[in-house]
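Hi,

Here is the structure I said I would pass on. Have a look at it first, then read my notes below.

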Amino acid sequence: MAKIHSLLDVGRRGMSVSQSAMQTASHNIANKSVEGFSRQRVDIETNPAVGEGKDRVGTGSRLSGITRTNNPWIEKQIEREGSNLSFMEGRSNALQRLESAFNEQTVKGTSNAMSEFFNSFRELANNPESLTARTVVRDNANALIKNFQDVHRQIDSVTDELNNTIKTGVNEINGHVKEIAQLNEKIQSIEISGVTANDERDRRDLLVKKLAEKIDISWAEDTKSGMINITAGKTGVLVAGTSASELKTSTNENNQTQVVYQLGSSGKESDITEQLKHGALGGAVELRDGLVSQMRQNVSDLAYNIASEVNNAHLEGFDRYNKQGTEFFDIPKDGTFDVQDLKVNDAITRDVGRIAAASKPNAPGDNTVANVIHSLQFKKVMGDEGTFTFDDYYSSKVGEIGVMNQKSIAGLESQKNILDQVKNVRESVSGVSLDEEAQKMIEYQKAYEASARIIKMADEMFDTVLNLKRL
Amino acid sequence: MRITDKMTQTQVLKNIQKNRSELANLQNQAATGKKLTTPSDDPTGATKVLTNRIEEKNLQQFEKNIFFAKNFLETTESTLGQLADSLIRAKELALQAASDTVGAPQREMIGSEVQQIRSAILEMSNRRAGDRYLFGGYKTQTTPFNKDGEYLGDDGEMKIQNQKGSFVAMNLSGNRVFLGRGVGPDNTYVRPPENVPETTNQLQDFKLAEADREFLNKQEDENYVETRGPASVGRVQTMTQKDPVTGNEGVNVFSLMQSLDVALKTNDKAAIQDALEPLDQALNQVNLMRAEIGGRVNVLDSATEGIHKQTVDNKSITSQIEDADLFETMTQLSKADTALKGTLETSSKVIGMNLLDFIK
């Protein structure tokens with residue numbers, strides 16, 4: 001026979017279930033804007049019925065658990081696409097700065113300086129006797145050198161920026177790694193009692209994604225303990241259960257920042273820079289050791305070739321004092337050419353009369369050598385098989401950077417779209433909808449009210465029973 | 001599909017950002033008038049623009065070169081014009097003096113005028129353009145002729161670039177103009193080469209060839225047989241007529257004038273008559289030089305025309321690549337503006353709506 005007591009119980013449980021559901025709804029609403037949050041759902045199940053003779057009478061409902069709505073495959077996709085995006089983002093910024101070092105659309109740059117340098121030799125050919133023409137040659141040579149050095153400095157500042165990206169990236173990685181190890185521990189201790197650690201898992205998923213945005217990682221979850229193990233690159237085990245290992249940076253012989261993995265706090269160190277192919281760090285490493293250092297070399301090659309070609313011709317000439325020409329540019333003989341050390345020969349800097357325009361002594365009007373030097377502008381001396389003039393070579397490099405940057409901009413745009421789409425899918429599954437939560441609030445508020453009414457009704461029923469005698 | 005608030009919000013934000021960035025881009029184009037501001041906007045275009053700019057600079061320089069060379073050539077030409085006038089006057093005087101009606105005193109008077117003409121010619125031969133002697137070859141800083149009419153310059157030709165890979169000599173060396181060395185089919189004198197070395201290797205070869213040439217010419221000068229030179233006093237030196245030994249056709253203007261002067265003063269009618277033909281030849285020689293200058297000026301003029309045409313072409317190509325079409329930009333700008341307004345308007349409706357607004 002049904003008891004009024006059990007009616008009270010049903011009401012009480014109903015109120016408690018509704019309250020939990022309301023709390024979950026408010027939890028969802030409050031966390032609506034938290035990154036990586038998955039909406040939570042209360043699972044309500046029917047309370048076991050009690051036998052009453054041949055019938056079984058229901059005893060209301062109870063809370064079976066609170067679960068997060070989350071699709072691990074989508075999370076994995078976001079991780080991958082996010083890693084691709086930050087790879088591109090890391091490059092795009094640096095590429096744009098690299099491009100601006102070579103951009104002559106609005107300012108005068110290397111190409112202009114080269115033209116002026118050779119044109120000043122044309123002016124000298126017009127008037128080899130003139131001191132003014134000679135001074136202009138020297139000044140334009142200095143301007144050209146300064147231009148090459150400026151480009152190098154700009155490229156170097158791009159490299160510095162990329163090195164910084166790597167350094168700060170490693171710091172962030174270490175922070176994330178520590179937190180993930182702590183979360184591992186928490187999740188294990190929560191889930192040992194059979195409940196899901198929803199919020200902790202959301203946070204850990206988010207951190208894994210952030211980690212993937214920085215660096216190549218592979219990870220797997222231990223299904224028994226719920227802990228994950230993360231490896232950076234191929235060999236850097238960052239998280240193993242509850243223990244975390246750090247990444248470090250070091251500077252190599254070329255003054256470039258390298259990523260070093262150290263097992264534990266005192267283990268062996270190993271350079272894993274080569275293994276980084278994805279994420280912001282992978283992008284920075286690829287660009288730094290690829291295009292940026294290549295462009296630096298190209299500018300250096302261009303400056304060296306101009307200097308040595310001009311030198312060769314100049315050595316054949318005779319100056320105002322009928323002396324055999326010296327070298328025009330000072331370049332080291334041992335092959336350690338550095339644009340920063342390039343300068344016009346001291347003798348010429350002191351006295352422009354030492355510029356050799358003539359092909360023989362005692363011929364102040366002879367401009368043969370000046371003609372040879374400015375003709376170098378149109379000679380194909382650059383490239384492996386001498387396929388480019390100086391100008392062509394430089395223009396082709398500008399084009400190369402342009403193409404790279406154009407591709408990077410387009411790629412970034414489409415990658416952003418891809419990531420947005422995947423994130424949209426995630427939002428659709430795991431995101432909080434205020435409409436939905438409002439609807440649930442109304443639903444459970446009503447249920448709460450109704451459950452309360454059941455208790456009131458049971459109370460009244462008790463009164464009725466207790467007042468039977470008085471009736 | 002389940003739509004959540006965040007989805008709508010990101011969508012709205014994305015749309016607005018897209019519209020705004022397009023608007024900013026177009027605004028920039030309209031303000032600068034350029035659609036190409038970085039190489040990545042159009043890599044091939046940017047490369048082309050760069051090449052065009054270099055070319056433009058070169059063309060400007062070539063134009064300067066041409067202006068400069070023309071100036072030098074024109075100064076030379078006007079000097080040669082005066083030289084021709086002097087020679088004509090000398091011939092008139094010679095003709096007058098060759099007549100039987102003229103006596104010794106008049107001949108002597110004419111002789112002193114001829115002497116004046118000679119010093120005028122000497123002055124011409126030592127003329128300068130700016131601070132450079134016109135006729136000294138490469139030796140532009142030393143007086144080309146001394147008062148005996150001896151040449152102190154060389155035969156250097158100052159080559160000026162008038163276009164890519166092409167050079168024009170801007171001077172005539174004094175030994176050609178006044179001494180007749182290397183004029184006509186002169187096989188005794190090796191003229192400087194036409195071509196200009198453009199690489200260091202060519203320069204080295206050029207220097208070797210020049211040394212050879214100089215040696216040959218020097219030898220030739222030393223062995224120069226003055227078959228009928230001024231040594232035979234009183235006779236006009238006619239070696240300047242086609243030399244039977246060397247085949248030289250050139251005329252030494254100074255010794256011709258000198259001989260004429262001597263003939264007049266010694267009242268040597270035959271010698272005066274002998275001078276008539278060399279005078280014609282000298283005139284021819286000068287006219288030949290003037291024709292050569294004319295030819296060079298023509299080359300320079302047509303090069304200038306080419307440069308102007310190329311400059312215009314260059315500019316129009318560059319403009320096509322980097323300049324924004326203002327009408328198109330404006331149309332797109334107003335389109336983008338409308339799009340942004342539309343987005344903002346619809347966004348305000350979408351973004352604020354919520355079930356909670358309707359529950360009281």
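At 23% relative accessibility, A:Glu161 counts as partly exposed, because buried means under 20% relative accessible area, exposed over 50%, and partly exposed in between (1.4 Å probe, protein chains only). Before going on, some ground rules: this is a predicted model, where local features need pLDDT of at least 70 and side-chain atom pairs count only at pLDDT 80 or more, while totals for chains, interfaces and linings use all residues. Residues are numbered from 1 along each chain as its sequence is written, chains are lettered from A and ligands numbered from 1 in the order in which they are written, and side-chain values use heavy atoms, with hydrogens and water left out.

Back to A:Glu161: what does it pair with? A:Glu161 makes a salt bridge with A:Arg97, with 2.2 Å between the closest N and O atoms. (A salt bridge is a side-chain nitrogen of Lys or Arg within 4 Å of a carboxyl oxygen of Asp or Glu.) The two sit in distant parts of the chain, 64 residues apart: A:Glu161 in helix α4 (residues 131-191) of chain A and A:Arg97 in helix α2 (residues 72-102) of chain A. Helices (H or I, at least four residues) and strands (E, at least two) are DSSP runs, numbered from the N terminus. A:Arg97 is partly exposed too, at 31% relative accessible area.

Over all chains, the salt bridges come to 59, and ten of them are between chain B and chain A. One of those ties A:Glu436 to B:Arg2 at 2.9 Å, N to O. A:Glu436 lies in helix α10 (residues 434-466) of chain A and B:Arg2 in the segment before α1 of chain B, so this pair joins two chains. B:Arg2 is buried, with a relative accessible area of 19%. Another is A:Asp420 with B:Lys14, at 3.5 Å, N to O.

Inside chain B, B:Glu292 and B:Arg176 form a salt bridge at 3.0 Å between the closest N and O atoms. B:Glu292 is in helix α7 of chain B and B:Arg176 in helix α4 of chain B, so the pair ties together parts 116 residues apart in sequence. B:Glu292 is partly exposed at 25%, whereas B:Arg176 is buried at 6%. Through shared partners, salt bridges join B:Glu157, B:Lys159, B:Arg176, B:Arg191, B:Glu292 and B:Arg296 into one network.

How many residues does each chain bring to the contact? Chain B gives 59 residues and chain A gives 69, where contact means heavy atoms within 4.5 Å. Together they bury about 5400 Å², 52% of it on carbon and sulfur atoms; buried area is the accessible area (1.4 Å probe) that two parts lose on being put together, summed over both. B:Arg2, B:Leu50 and B:Tyr138 supply 13% of the area that chain B buries against chain A, more than any other three residues.

Last, helix α6 (residues 253-265) of chain B. Its 13 residues should span 18 Å at 1.5 Å a residue, and its end C-alpha atoms are 18 Å apart, which agrees; the expected span is 1.5 Å times one less than the number of residues. Ten of the 13 residues are buried, among them B:Phe254 and B:Leu260. The buried residues of α6(B) pack against α2, α3 (104-125), α4 (174-177) and α7 (269-322) of chain B. After α6(B) comes B:Asn267, with a positive phi near 60°.
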